[in-house]
Amino acid sequence: MIKHFLNLEWKQFFRSATMGKSLALKILMGFFAIYFMASFLILGVALYPGLKKAFPEKDPFIIVNGFVFFWILGDLMIRFFFQKLPVMSVKPLLTLPIKRSSVVNFVLGKSMLSFFNFLPLFAVIPFGVTLIYKSYDPMAVVTWMFLILIIALINNFLNFIIESLSSETELSFLPVIVLISALYGLNHFNIINISSLLSDGIIAIANNPLLLLVPIGLLAGLYFINFKILRKKLFLDSSLKTKVQEVKASNLEWTQKFGDIAPFMQLDLKLLWRNKRPKSTVWMLGLGLMYGLFFYPQPMYQNMVWFYAFIGIFVTGIFLINFGQFIPAWDSGYYKLLMSQNIKYEQYLKSKYTLMTLSVIILFVLSIPYVYFGWKILVAHFAAAIYNIGVNTYVILLGGSFNRKKIDLNQRAAFNFQGTGAVQWLIGLPLMLLPMALFAAAYYIFNFEVGVAVLIVLGLLGIVFHQKIMAFITKKYLDSKYQMINAFSQDE
Amino acid sequence: MIVTSNLSKKYNDTTVLNIEKLDIPKGQSFGLVGNNGAGKTTFFSLLLDLIQPTSGHIKNNNILVHESEDWKPFTSSFIDESFLIGYLTAEEYFYFIGELRGQNRADVDKLVSQFSDFFHGEILNQKKYLRDLSKGNQKKAGIVAALIGNPEVIILDEPFANLDPTTQIRLKNIIKDLAEKRGVTVLISSHDLMHVTDVCERIVVLEKGQVVKDLATSEATLRELEAHFAG
């Protein structure tokens with residue numbers, strides 16, 4: 001049975017219309033993976049001597065165990081945003097003589113092979129070997145390493161439970177943040193000292209391997225809960241059930257001010273508001289706006305002026321990046337309609353451009369309070385906003401003409417907790433890193449003012465040549481019209 | 001109105017459509033029949049410039065469809081559900097199409113109100129998004145949307161499929177009315193020989209991408225078609 005499933009997965013990957021693109025992304029992800037593996041390996045090797053040197057009177061093994069709690073929290077957070085349950089199209093399998101449980105077991109089993117579960121081993125194994133070399137009890141060390149692997153797997157399944165519960169809610173990332181902050185807070189304010197309790201527990205288990213049964217039992221329990229959740233989703237009626245949404249209508253009269261692009265703007269606004277996936281890009285606004293608060297209050301960053309441009313681009317451009325990179329895939333479901341209707345491509349693109357520009361302006365206005373941390377920040381944010389409007393909007397629209405992956409707005413398939421994946425952030429990187437590099441270079445060679453001027457001039461150039469650039473982009477879209485129609489009409 | 005010359009479409013050496021010549025005069029109700037893979041949808045997709053011809057061309061009112069977009073204002077179509085925007089209500093969808101075709105809300109309301117019996121009270125004022133409607137009701141909305149803006153050419157792919165019998169009969173009347181009284185060129189494809197002979201004054205049979213029969217509909221047509229498809 002597993003052989004069949006693997007065969008299907010293989011074909012799905014290599015026969016997909018986006019094969020070239022996803023292969024390139026996979027390679028890029030591969031590089032990231034190697035980078036992380038190397039980092040963890042170095043960490044694992046250097047951990048023992050490093051801790052010994054920093055705290056000569058303490059036992060490194062005990063110190064490390066004290067940190068396991070924070071690792072669990074961080075790991076959960078990262079998993080929530082980057083690790084998704086493997087997707088499998090199950091509908092065609094349901095009427096075939098395949099046990100539902102074997103489908104579920106396959107999906108869950110596949111998730112155990114995730115990179116996230118192996119990554120800790122790169123640090124744990126060298127650290128463990130060092131411990132044995134330093135004549136710790138080998139039995140206890142091996143038990144400890146095994147225990148860490150089990151904890152990683154517990155996180156793996158715990159994450160899917162959190163995801164499946166929170167995917168029902170509107171602010172899907174809120175529950176996990178609340179949960180993790182609560183745990184962290186309980187520990188930090190010494191209400192319950194979870195980290196030391198956990199540390200004691202780990203050491204107890206390491207000294208008595210029989211106690212491993214406790215975490216293994218926990219793991220089995222979590223697996224079983226996941227199994228239950230997924231099995232329930234495996235019945236067609238959960239996807240066929242007509243979950244009728246009440247219509248929230250508004251006439252959006254104000255968009256008429258934008259003239260001939262008004263119908264498209266209305267459509268885009270409804271798209272954003274009435275579909276779960278694009279709606280999450282709206283919620284991300286809040287998170288993006290707060291992003292600066294991670295950096296500016298710390299004195300360390302106050303002196304890193306070159307970094308301001310990066311945060312400025314991020315804060316004012318979060319919607320631009322999140323929404324823009326899926327143009328025109330947002331409309332992929334009805335792309336044929338648009339292409340056979342009496343529309344001008346230019347208006348269609350201009351509506352997206354206007355929407356992104358408005359978002360940048362609004363976000364800049366909302367980010368003005370950052371002036372509290374210094375007027376330079378405000379100036380840098382202003383320059384970044386101009387750059388976003390004059391350069392990044394075009395770049396992302398142009399990138400869209402290479403977009404060949406459709407988005408299914410009517411997400412109802414089982415096993416689909418689609419949200420923000422790692423890929424989404426990778427695409428945004430060049431948009432943020434390039435202006436940061438330009439700004440930083442100008443800042444070091446000349447000064448702050450020149451850096452700001454560089455971004456503003458580039459942005460203004462883009463705004464001045466708006467018509468020309470849009471005409472160029474429109475032509476790119478027209479050139480790839482047939483490929484897009486073809487790709488968008490394919491199923492995943 | 002629609003002139004097809006030397007049109008062919010190939011996918012990796014497999015010819016899926018090859019029509020040397022096919023002229024459809026203005027105001028004709030034109031039916032396309034054929035088994036699966038005969039090339040019906042391919043022909044309509046070429047006519048709407050959704051795919052590129054390998055050779056030859058189609059002219060719609062003397063406009064080359066794959067070179068100019070000027071045919072769009074007077075041509076409308078409903079091919080499949082991917083022509084619907086799932087997160088709009090039926091009314092919003094009609095208004096959106098109306099705006100693209102230069103019709104204000106009053107125009108759209110007036111047109112749509114003529115189809116209240118066709119809708120059977122299940123489309124308008126439902127406070128439901130199109131994605132939540134049944135397949136048949138989605139189809140009704142799509143077909144009526146294709147009538148917005150006084151198009152001169154209407155293309156409907158498999159309009160009778162998924163509809164209930166009552167609606168099929170009503171749809172037949174609508175199509176007949178369009179061609180006979182308003183001079184609209186209507187192109188439909190169907191697997192249902194009975195419906196298509198009822199509605200169309202001309203029927204073309206496609207087989208493996210070729211035109212094998214071109215009939216002016218008469219009383220004998222249905223029998224002739226049945227004999228043809230029986231093999």
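The crossing of H3(A) and H9(A) is right-handed (the near helix is turned clockwise from the far one by less than a right angle). Helices are DSSP runs of H or I with at least four residues, strands are E runs of at least two, and both are numbered from the N terminus. The model is predicted: local features need pLDDT of at least 70, side-chain atom pairs count only at pLDDT 80 or more, and totals for chains, interfaces and linings use all residues. Residues are numbered from 1 along each chain as its sequence is written, with chains lettered from A and ligands numbered from 1 in the order in which they are written.

H3 (residues 60-82) and H9 (residues 194-207) of chain A pack at about 120 degrees, their axes 8 Å apart. Axes are fitted to C-alpha atoms, for helices over the stretch in contact, and angles run from 0 to 180 degrees between N-to-C directions. Contacts (C-beta atoms, placed from the backbone, within 7 Å) include A:Phe69 and A:Phe70 in H3(A), and A:Leu198 and A:Ile202 in H9(A).

In chain B, an open sheet of 6 strands runs E6-E7-E8-E3-E9-E10, with mixed pairing (at least two DSSP bridges between two strands). E6 (75-78) and E10 (210-216) of chain B stand at the edges, each with a single partner strand, so one side of each lacks a neighbour in the sheet. E7 (residues 153-157) and E8 (residues 185-190) of chain B pair in the parallel sense over 5 bridges. B:Val186 in E8(B) is the bridge partner of B:Ile154.

Definitions and conventions:
Contact = placed C-beta atoms within 7 Å.
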